[in-house]
Structures are given as structure tokens and as C-alpha cells.
Amino acid sequence: MNKYIILIFALFLGINAYASSHREAPMIANDPLADNVDLYAFRSAGNTVTFIATYVPGQLPHGGPNYYNFGPNIRYEIHIDNNTNTAGDDIIYRFTFFRIDEDPSTFFNIRLGKQNLRMYYNLQRSDNGGKSFVTILASASVAPPNIGARSISSPVGLNTTYPALVNQATRYTHTGETVFVGPSDDPFFVDLGGIFDLGDAPRQDGKSIDNLACKNVSAIAIQVPIGYLLNNKAARTPSTILDPNYVIGVWASASRRKISTLSAGKETHSGDWVQVSRLGMPLTNEAVIPIGHKDYWNSITPYQEISDTLLDNYFYNPELALYMDDSLFGGAVPAFSQLRIQRNSLGAYDFGNGNDGLFGLKGNAALAGTALDDAVFGTLLLPGPGKPRSVDLWPVFHTGVPNVIPYQLATGKNGNPLAAGKPFINNFLPNGGDMLRLNMAVPMTDRKSPEFSSLGLLAAAVSGLTDPKYNSNSNLEFIPNMDGFPNGRRLEDDVTRIELMAVSGIVLAAIGLWYDDFVAGASPVTTKLVNVLSYKTGVEANDASFRAGFPYVAMPWAGDGPCGGVLADSASSGVAMASFLGFSPVSVQSAKKMFTAANFPNPFVNQTEIQVEVEKAGNYTIQVYDITGRVINDLFSGPLSQGMHTYQWNKAAVVAPGQYFMRVSNLDDKTFQVIKMSKQ
Amino acid sequence: MIFKTNTPVLIKSRTQVLAFVLWISMMVVAHASSHREAPLIANDPLADNTDLYAFRSPDNPNTITIIANYIPAELPYGGPNYYTFGENIRYEIHIDNDASKPGDEIVYRFVFTRINEDPTTFFNIRLGKQNIKTTYTLSRSIDGGKTFVDVVTNGLVPPPFIGPRSINSAVGLNTDYDQLINGAITTASTGEKVFCGPADDPFYVDLGGIFDLGNSPRQDKKNRDGLARYNVHSIVIQIPIATLRKIGADSTPTSILDPNYVIGVWASSSRRSIRTLNSNGAAPEVSGDWVQVSRLGMPLTNEAIIPIKDKDYWNSITPYEDLTDTRMDEYFYNPELSLYMDDAQFGGAVPSFSPLRIQRNSLQAYDFGNGKNGLFGLKGNPALAGTALDDAVFGTLLLPGAGKPRSVDLWPIFHTGVPNVIPYQLATGKNGNPLAAGKPFINNFLPNGGDMLRLNMSTPVTPRNDPKFSSMGIIAAAVAGLTDTAYNKSTAIQSIPNMDGFPNGRRLEDDVTRIELQAVAGVALAAIGLWYDDYTAGGANPVTTKLVNVLTYSTGVEKNDKPFKDVFPYVARPWSGTEVQ
């Protein structure tokens, strides 16, 4: 166990060795091209791990004429730490982009096989923590925006199919990585409107909405053989499914040059590269870090977090916990009423904000040899009084969770959380920084398996506690979804729900620190526990199905499809036409309510049938005008009952080719509708 | 009789043009140019000017309302950091009311400041406190930008309309959103009424269709308003006409087309030339000169006329620099869009535009197809004497050379406005000769050569509830002047409904996408008597199938998704974060 102390020492030593990245971001929200939206890391077929970093949030599929893309003059990076003995990153993938306009004479993005704002990228890899880089893909093409059928599929566009373009944009490096860079459906799903309206998730009116549905992002997907990601101590085959040498920490970032200068029709960039966005664990900077520190959080690297003591307190005493505690502001957020943290777990431990949690055990002989023993992990997990969540939320975000007492399932503990229990996680990589941590030795759960769950590791914990297949012993064995968040992050994982449940103390419960309504000797599956486990945000899955194979993300929504705007009122076309005939456009609008008229076919050759669907019975006239406004045919005049009425225009065969207008009027309401009819 | 009426106009115009040409040569030196590279202003949303409107206020016709919108396609639920105006940006509305003086006459400059009232929460609004709370200072220059005076300080920007818990409930602001809007309306020390805040985007357009190679209206008829249910940030300012009119203009207009009542309006945003990212997570340092990064005058110029290679450049120059630039002019003389409205070019490639066909053989004499001569063959013809096409009257601006067919309609609509001078009068009364005097319908002539919205402030307001109110703007007025017996019996100046519509200024309701596509298809030429090819010169009825095809062309998206307000600030309440997907 002493090796952990060594690791932590190495970590502290590392601070000086690693050049810090700095940045300002009054709001990265204002720099969408560099805004890192989400990060995923999961095992994939063929002994590989797939990383997906998404950028440029909330893209409208129809966002033309300059559709969204990656930006030049930005470094997009995916960082991997596989060894806390070496300072900083061990592997870095760096993507940089350049742009070519293939036909500068048009304002269209794609025309006649040519593409404007066409983006290419170079991919470089560093195996020495960023000291040197080797180019492993040069001038690779980014998939174009999915503008619509005319631009993509028609002969006046690219004359291809969008899936073919995705395939073309999937590239293989000489070092074994598979890479895709291009737009995709945003794989994340969340009720932004509800949750940021003071925590209204699930919405109390029952109408939760996935606000990222129908939006695209710009995705970087890279699939890497596990062998490339291992540290130098790892065996080629993992020693167990929780082999500690198979843990990687992953984070993504975007950096810009320190100085940008606008002049003489150009923007130039100079100076050091400055980190402007980063992402490891989902939602850290959205829902844990308060507004006053969000920009600062974005500006530092994960390796700088261990020396930062300011931010730790938001994990020790998270704002969200205020809304899950009836003695604080629990009453103010009714949507969270199922989520209540332990204020009196096992009749002894209070995890309410400002209380001591497990700190009262400090120095207790019962902690000897556990992760809470200062001799084992230093004072990281029990740093002081008044920091109740230093034992669960802080390590979940900053070190990962070791397969060490007390971080084993309550199964086999016989009521003592400090006893050995059933192992369920080891993604321990104690560098102190916010990262996604994945134990690559954990087997995959088949996405098609009935046991696959978007609750990730929580689903595995529930199985390990309650499923007789797993809870009859405390052996290490594979439980479905042990490969789920927060052990890495799969595209399907419902991280909003999992994190809200984690803030509500679910991890503490899993290791035997049950909810307040648990009575010793009785079932720990109490009402409060069931409440937390059955909490939902109301948005549990992505709006598009993920693909079974690389790059896994769904195709981007098309600009000309149902996500490209709100269907226009088809009746409105009559308005302006009527105005040319000197009619009132105002009353045409209200005509819709009384009746609807149409003719078929239109255009016509020798005959056309006029249909009037009457919603309100009354007196009507139907007249046909020529283009000068002259009435050439009084087709009908008299009362019409509710329902469909059809008329043949008896002059259709004899009038000259050209435009005619049919005017249907309700004489009672003085409303009418005008339809243009074309004789060919 | 009509010629006499026009004579003073012509003299005035000649004076203006002379002054104008003189001033241009001076301006190049005197007016500091603004340059910038914008690989894509699309990537700097806070500074992205999305739309500009200028209209006589329907409920207060002694004033003009100007609306400049910024920050495109705001998602109403775009939390936790909801959109607002940016710091370190100058948002400006510029007004030119006198082409004989270089540059702007009046500039309104808005500068914003953000504060956090409760930095301990990640919520935007909590317990009566608001984060990223934004206030502004409005300063005004009446000497072309040399000096500014603060006329509003500490103006309040309403918070984002997050949802009922944040706005209405006791744990939020415990108020009502309409109250927040009304509370943010203020009056400047110099009399202008001002509002800055989020609003429903008043523009409506089928982005997904039109930018998919011109599929508008969509061939499958499923037209979509691509801006429905998104917000923008609006700057709305209502200014007395007395403040805006040219010095020396009569206090009561001499006619409803008084040439001294024309203003040109444009909006912009500028940033400092140097931005230095900070090393401690604090705001960036900015320094250096202010550089224009976005501008807007006429709608859709930079979207659908300027091709991709020049879009950034176009954004970087001022309207006053447009005139000395000859490269951009070509996109108006021979617009890309007209390639798709001409069967001899790429007309067949864009089926949606099939009702739009430009004149290739108007009056069996004039070819307005790209690369053709349009009216240039008339150059020097005595028939042009005294008209706007006479070099002695307007110089060579309107007939600059061969192969520039749209120099007589599209170029002036965007760059000078249209004078009430032959041939720019309706065909009514012309008896088949487009070079005869006709019925006046527009005078928004302000010949500074730059892309601006030009509004004649003496043109009467069409009430929004008038049955004749039309989103077709001045095209509706032209149609009425040609076909409505109330107007087409004489060539007298009459107030025709919608003469106050685009491109004479721009009202919120005006369907500018449709109007501009019809203009590219030559509808302005037709209105002045240069009829479509299927009209035979001398024939009885110029309202031919081709004309009706153009007039009835529609993109299928003809109105905003929300009704506008009858009163200031006119724009509709923003969509709340919880009411839309």
C-alpha cells in the first residue's frame, strides 16, 4: 500500500516539472469553436479503447450558409495519463485544422462537386508527455456538413450519400489508430431548460425535454489498441478484470494562441498556446463549480488541481447537496425530492454540507489498512472536519476509486462498511485531477444484452448487492455494466442521473453507509434508497440510435430534415397572392378556421376538381378569376353544410393556358381563401 | 407638368452627385478605414450582427424605430450560461442623413458590462440574485463619431427568460417577465426611447431549404422556418424624426417623398485589435484600435450576394468604403442568384426558382441576363436626357459599362437608394415607354454608395392592422400603383399602402427574402415598365404569366412565428427556456 504514498509524492514533484497552461475564458460559451462539449472513453471491439471528444455545442443542422466546423488556429487535444509516476500526460493526440475553399465564387457551401470551408486536419501523437510530436495523419479530410439532399446526393451537389462521406472520413494511421473527424448527432441528452431553471428535473409538469435532441456537434473519434495505452508495468494480459496497471485517465482540451490581432483584413495569432477549454468528468464545470470559478477551472490542467485547494470545497460541500437536504434548501427544489443525502447513516455519520461525514473516525484503529488510513493514502480522503464528501465525490472526480476497503460493495461486509466486501471498481489513478478514468481490463457489456444499463456502474453495484447471481459471495467477478460510467464513459451512460444520484450519496450507500431509514438487521433496501435509485431526470436516452461500429456516434441531422426548423403554416401562401388581387390578407388568415379549399390536379391540362372542406356551415361563393382580376366563372353560390364538397371546373378545358385564381368566400364571416391554379 | 415637378429634384440630385463624387475622393484619405479578418464572424456570436430594421413607428409616427439584433440562433434553454451582450464590444447604430458630408452624421454606441450578484451558485438566477447581470451605457455622437456624450448610463438588460422557477417563483426573481421587459425600457437624456435585451428573433427564413442549393420553396412543400423558437439580443431605439433629419430639411416634409427626409442606417460591432488571453483565468486583456468585425445594412447582402471568398472582407469595411471598392460591385451587376433564374444558365439546376425568370428580352430589346448589357445600349441616346441614366445627371454610376446589366436596379437598391426620377417611377402613365414619366412610388435616394437600409421618413405609416398591409413591402405598393384603380388612374404622388415597406427602410413584418429574390428576378425592372419577355411591346396587358409567376413566388415561410407587439419595443417576448424544445 505504501506505493500510493510514493505515487502521491511523485505527483507533487510533478507540479514543478509540468509547464502550466493558462487561459482566460470570461465565457468559453462565447468561443464555440473551442468549446469542448463532451468526452467519452470506453472499451471497443478488438482490444481497443475508443475516445470521443465533441466540440462546438448546440449546432443547428440548418445553420447555413456557413455551417459549423472545427476552427483553424486551435489545438484540439486528447490527453492520456497511464502512470502517476510520470509527471503529466503520457500520450497526447493533437488535432489541428486548415481550411480550403474549393469554389470561392459561390455563396453556397457545396455546389457542383465543390465544397467551401472544407476542413482538413493533421493528427500528431506524443508519447513523451508533449515534449515531441510525430505526425500520424496528414491532410485528412473532415466529413462535410449534412446540408441536405440537394447538396449531398444530387448531381448539382456532391452526388454521393452521407454514409459514404462518413466512410471516406474514417482513416487509419500507420501506428494502428482508427480516426474519424466530422459532424455527428450530439450523443449527449439532457433537459437543459428544466435543470437550469433552478433544478426542475424531472419537470414538475411532467414535460421533460431533451434540449440536445436534433442538434449536432463536431466530433473527434479515435480508436486506439489497448496495447498502446498501457504503462510500462502492465502485463500484456491483465492480471484481473480490475488490474490496477490498466487504468488510464483521459481528458480533452482546446487551446488558442495567447495573442490574437485583428488588422489589415487578417486575424493573426501569436504567443504561447493557452488552454481555453477542458473536459474530463461530465458536468463538473456545469453543475459543481459555481459561476465565480468556472472560467478559472477551464484555465488550469487536471495536474494543477491537486495544488489548488479552492475548488476542492465544491466537491467536499457541493451546492447541489443543499437542494437534497431538508434542513437546508431541500424544500426549494421539489424535483429533487427523491434525492436525500445521508444525515444519519448507521445512526452515526452525517454527510450534510458542513458536517464531518467519516472524519470522526480519523485515527480510529478500525481504519488501519483501509483507504482512509493516513498511512495508506495520506490525508487526501479525510483532510479535515466539515468536509463530508471528501470520501466519495472528491475521489470519484479526482483520483478514481481503488479496489480497497471501504470501496467495495456492502455484499459480504455483514453490516460493517469497513470490512472487506465485493469488488466492483478499480479506476484508481491518483493524480488529483478531473479526468475520466477507465480500467481497460474490465470486460465490455454487450450493448444488445438485456442487462446493459445506462446507469453504468450503479447498475453493476445494484446487481452486486441484490442479484443472487452475484451477491452470494464477495469474490471478484464480472458484473454487467462494470465498464460503465464513472469507470470511463459510454455513449449510452445517463451521466446526469448518475451524478445527481452520486451527490445524493448513492456511492456511500453501495459500500454500506445506508440511508437514514435503515434499521440495523433489517433490509438495507429502504424507501429512501429506492427513492434515490428510482430517481430520473425524465430524459434517459439519446434521440438518435448509436451505431454498432466505429465511429459509434449517430449521423448528423440533415439541414433539410425535420430538425431543420419549424414547419411553416402552409395556408400562409395564400396571403400574399390574395393581396395582389386586391383582397384583404387579414381575413384570409381567419378563413382557415371556417373551411379549407384545394384543387386537384394542379397544374392541370383539361380538368381540375375543386374541393372545399367546410368546418362551419354557412353561405359560400366560389369564383374563378383570371390574372387581371376579372371574374370568368361563378362556380357556386349558396349554403354549404359541414363536410367535404367537390366541384368540377366546367371551363377548365376551354380556357387558355396560364394562371387562374379560385376564390372561396364565406359570406357570413366575410372570410375567403384564394388558390392559384395553373393550366398547362 | 410631371417634368416640371421633377426638375427641382434633378437639380438637387445633380448637386448631390457632384458633392458626392468630390466627397468620395476626399473620404478615402479622411476616413480611417477599418480592416479585419473574420475567418467567420459565425465564430464570434456575441459580435455577430444578425438583422437591422428601420421603420416609422406605427403608434408614434413622429419617430423612427431602429432595431439591431445580435447573437444569432440563441437556444432559449442555453444554460447554464445564457446568452447576453458581450463586454469589450462596441455595438453601434450609424445614421447618414446627408450624402454631401463624409461618413455618419449620428452614431449611437452601446457598451455593456456584466456582473455576478451571487458567485457561489452555478445557477444563473437564484433567490433574487442574478449572475452575468448585464447593464449598458449608451453614448451618442452628432459629429460623425468625433465626440460622444453619454445619454443613458446604467441601462438595464433584462435577464434571460430561463423559466417560471427562475423568473416567477419565490426562489427566483419573484416577478413576471413582461414586467422585466417594461422595467428595462428607458428614455435617454436626449429623448430617445431605448430597450436592450433578449427577444424572439423577428426574422423568418427557411435556412435549411435555401442553403441546400436554393431549395426554397421546398419541392416537397415542407417549408420550415429555421429561426422559429430561437432568440436574439435586440437593441431597440426610437428616435424623433426631428433628431434624424438632415440639417436644413423643412420641419414639415414638402411631400411624402421629400428628398431631405432620407436616412441611411447601418449597424456594426467592433472589437479591440489585440486580445491577450490571461494567465489566471481572469478576463482577457484587450488593447489597440477598435476594429469592425460585423456590419449590416440591407438584409442578406453578405449571405446571398457576396460569395464566400469575400464575405469576411465585406464585413471588415464600412459602407463608405463600398464605393471605392469595385470588386464587390460585380456581385450586384451580375449576381450569382440570377444564374439560377435564367434557363440559358443554371435555371434548370434550381427547380424551386422556376417561377423566377429574369428579363432576357424585355420589350424585345433589353437583355438583363448575366454578362449582358441591360440598358447600356441606350448610353448616349437622347432619350436618356434628363433621366437618372443620363451621365450628366448621375454620372456613370448607373450605366458604368457593358456587361453589367443589373447596374440599373440591384446595384442602386443596395448602394444609393432609388430617386423619384425617370425611369424609377411606376409604369402607370408611361404609355409603354419606360423612359417616360410615371407614377412616383419611392424616393430613398441617399447616394453615398454604401450598403445601408435607406428610409424616407416622410412616407406615411401603413397601419399594421390595415387590410392592405402587406409583408411584400414596396412591391405591394408597386402592384397597387399599377393595378388598383384607386391609384392607377393618374401619375400624381399618392400615399399607396406599403410605400413605407422594404426596401424603403425595413419593417419587422417585411418578407425580405422573398422581396429580394423577386428583385433579383427583375421585378423592379418590370414595375418601371421593363416587362417580362412574354409581354409584346405595345400589347394590352403587361400582367403576363411570367410577371404573375414572379409576383406569386413565395419561399413558403412568410411570417414570423410569433406576433409582434403593437408598442415599443415591437419585438416579441423571448421564448422561455422551458417552453420550447
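Author: With contact. Two residues are in contact if their C-beta atoms, placed from the backbone, lie within 7 Å. This is a predicted model, and in it 91 residues of chain A are in contact with 95 residues of chain B.

Reader: Which element gives the most to the side of chain A that touches chain B?

Author: Strand 12 (residues 247-263) of chain A, with seven residues. Sorted by class, that side of chain A has 39 nonpolar, 36 polar and 16 charged residues.

Reader: In which sense does strand 12 of chain A pair with strand 13 of chain B?

Author: Strands pair if DSSP finds at least two bridges between them. Here there are three bridges, and the sense is antiparallel; strand 13 of chain B covers residues 262-276. To locate the pairing in the view, find Thr261(A), which stands opposite Ile274(B).

Reader: Now chain B by itself. How many helices and strands does it have?

Author: Chain B contains 16 helices and 15 strands. Its radius of gyration is 24 Å, while the globule rule gives 25 Å for 581 residues; the two values are close, so chain B is as compact as a globular protein of that length. Along the principal axes, its C-alpha atoms fill a box of roughly 80 × 55 × 45 Å.

Reader: What share of the residues of chain B count as buried?

Author: The share is 60% of the 581 residues. As for contacts in chain B between residues at least 6 apart in sequence, 70% of them join residues at least 24 apart.

Reader: What should I look for in the backbone?

Author: Look at omega and phi. An omega of about 0° goes with the cis peptide bond that joins Ser216(B) and Pro217(B). Pro217(B) lies in the loop between helix 4 (207-210) and strand 11 (224-225) of chain B. Another cis peptide bond joins Ile422(B) and Pro423(B), with omega about 5°. The loop that holds Pro423(B) runs between helix 12 (410-415) and strand 15 (453-456) of chain B.

Reader: And phi? Is Ile71(B) buried or exposed?

Author: Phi of Ile71(B) is near 65°, a positive value in a residue other than glycine. Ile71(B) sits in strand 2 (residues 63-74) of chain B. The cut-off for buried is 20 or more other C-beta atoms within 10 Å; Ile71(B) has 24, so it is buried.

Reader: Where is Gln364(B) found, and is it buried or exposed?

Author: Gln364(B) also is not a glycine, and its phi is positive at about 55°. Gln364(B) is in the loop between helix 10 (336-339) and helix 11 (391-394) of chain B. A residue with 12 or fewer such neighbours is exposed; Gln364(B) has 10 inside 10 Å, so it counts as exposed.

Note on methods: Residues numbered from 1 in each chain as written. Chains lettered and ligands numbered in written order. Predicted model: local features only at pLDDT ≥ 70, side-chain atom pairs only at ≥ 80, totals over all residues. Helix = DSSP H or I, 4+ residues; strand = E, 2+ residues; numbered from the N terminus. Rg over C-alpha atoms; globule rule 2.2 N^0.38 Å. Nonpolar A, V, L, I, M, F, W, Y, C, P; charged D, E, K, R; others polar.
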